[in-house]
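Colleague: Could we go through this model together? I would like to begin with the side chains and leave the overall fold for later.

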Amino acid sequence: MKLSKLNNSHKKEVWEWRNEILTRRMSKNTEAIDWNEHSQWFKNALIDKNKIIYIGELNNKSMGIVRFEKEDSNQSTYTISITIAPVYRGKGYAEILLKKAVKRLAEEVGDIKLIIAEIKKENVKSISLFKKCYFKLHKTEQNINKYILENIKCN
C-alpha cells in the first residue's frame with residue numbers, strides 16, 4: 001500500500017466516499033454534502049497547516065483517506081478520522097492504512113502527545129479497527145466513544 005498526501009486529483013472520489021450512505025450514517029454530520037460545499041472544504045483543507053491528510057493507494061487506485069487535525073499547537077494533539085472506499089471495506093486494508101498514517105504523521109511532525117478518535121457507539125467496525133491499532137477507550141459522551149492513542153514517538 002502506498003501512502004501519499006491528498007491533492008486536487010482526489011477531490012471527486014473523496015466527495016463520493018463522503019456522501020456514500022454508510023459513511024454518512026457513521027459521520028457526525030449525516031447530511032449529504034453538495035459539490036460546492038465540498039470543493040470549498042477541500043480547497044481549504046489542502047492549505048490548512050493544522051490538517052494533514054493522507055490517501056492510501058493500492059495498484060494506483062485510491063482506497064481510503066486518513067485526516068489528522070491539530071487541536072492544540074502547544075500540545076501536539078490531533079483528532080483523526082478515516083474513510084475507506086466502499087469497494088475496499090471489509091478486506092483488512094483499514095488497519096494497514098491507519099497504522100501507516102499514524103507512523104507517517106509521527107515521522108513528519110515528531111513526537112505526538114495524543115491522537116483522539118471520536119466514534120459513534122453504533123460504529124462497531126471502526127471501534128474494532130481503532131482497538132486493533134492500540135487506541136484505548138478514554139470516555140463516552142452521549143452516542144460517541146472517544147478513543148485515544150498517547151505518546152507516539154518517531155522511532
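This is a predicted model: local features need pLDDT of at least 70, side-chain atom pairs count only at pLDDT 80 or more; totals for chains, interfaces and linings use all residues.

Colleague: What do their side chains form?

Modeller: The side chains of K99 and E95 form a salt bridge, at 2.8 Å from N to O.

Colleague: Is K99 buried or partly exposed, and what about E95?

Modeller: K99 has a relative accessible area of 34%, so it is partly exposed. E95 is at 25% relative accessibility and therefore also counts as partly exposed.

Colleague: How many salt bridges does the count come to?

Modeller: The count comes to 15 salt bridges. One of them joins E141 and K139, whose side chains meet at 3.3 Å, N to O.

Colleague: How exposed is E141, and how exposed is K139?

Modeller: E141 counts as partly exposed because its relative accessibility is 37%. K139, at 36%, counts as partly exposed as well.

Colleague: Which residues are linked with them in a network?

Modeller: The network of salt bridges links K28, E118, K139, E141 and K146.

Colleague: What is the partner of E69 in a salt bridge?

Modeller: E69 pairs with R67, and the closest N and O atoms of that salt bridge are 4.0 Å apart. E69 is partly exposed, given its relative accessibility of 24%. R67 has 26% and is likewise counted as partly exposed.

Colleague: Changing topic, which residues is T77 in contact with, its sequence neighbours aside?

Modeller: Leaving aside neighbours within four places in sequence, T77 touches E69, K70, E71, D72, K113, L114 and I116. T77 itself lies in strand 4, which covers residues 77-84.

Colleague: And why does T77 count as buried?

Modeller: Its relative accessibility is 10%, and buried means under 20%.

Colleague: On to the aromatic residues. How many aromatic pairs does a search of the whole structure find?

Modeller: The search finds 6 aromatic pairs. In one of them, the rings of Y54 and F68 have centres 6.1 Å apart and planes at 75 degrees, so this pair is edge-to-face.

Colleague: Which parts of the chain does that pair link?

Modeller: Y54 is in strand 2 (residues 51-58) and F68 is in strand 3 (residues 61-72), so the pair links distant parts of the chain, 14 residues apart. Y54 and F68 are both buried.

Colleague: What does F68 form with Y78?

Modeller: F68 and Y78 form an aromatic pair that is edge-to-face, with 6.5 Å centre to centre and 90 degrees between the planes. Because F68 lies in strand 3 and Y78 in strand 4, the pair ties together parts that are 10 residues apart in sequence. F68 and Y78 are both buried.

Colleague: Let us turn to helix 5. Which of its residues are buried?

Modeller: In helix 5 (residues 124-132), the buried residues are S126, I127, L129 and F130. They cover an arc of only 160 degrees around the axis, which puts them on the same side of helix 5.

Colleague: What is exposed on the other side?

Modeller: V124 and K125 are exposed there, on the other side of helix 5.

Colleague: And what covers the buried residues?

Modeller: The cover for the buried residues of helix 5 includes strand 4, helix 4 (93-109), strand 5 (112-120) and strand 7 (144-152).

Colleague: Which residue just after helix 5 takes a positive phi?

Modeller: That residue is Y134, with a phi of about 75 degrees.

Colleague: Now the overall fold. How many helices and strands are there, and what pattern does the chain follow?

Modeller: The protein chain has 5 helices and 7 strands. Along the sequence, the pattern is β-α-α-α-β-β-β-α-β-α-β-β.

Colleague: What radius of gyration does the chain have?

Modeller: The protein chain has 15 Å, which agrees with the value near 15 Å for a compact globule with 155 residues. Taken along the principal axes, its C-alpha atoms fill a box of roughly 35 × 35 × 30 Å.

Colleague: What share of the residues count as buried?

Modeller: Of the 155 residues of the protein chain, the buried share is 44%. As for contacts between residues at least 6 apart in sequence, 59% join residues at least 24 apart.

Notes
Residues are numbered from 1 along each chain as its sequence is written. Side-chain values use heavy atoms; hydrogens and water are left out. Helices (H or I, at least four residues) and strands (E, at least two) are DSSP runs, numbered from the N terminus. Buried means under 20% relative accessible area, exposed over 50%, partly exposed in between (1.4 Å probe, protein chains only). Contact means heavy atoms within 4.5 Å. Rings of Phe, Tyr and Trp (its six-membered ring) pair if their centres lie within 6.5 Å; planes under 30 degrees apart count as stacked, over 60 as edge-to-face and the rest as tilted. The arc is that of the directions from the helix axis to the C-beta atoms. The radius of gyration is taken over C-alpha atoms; the globule rule is 2.2 Å times the number of residues to the power 0.38.
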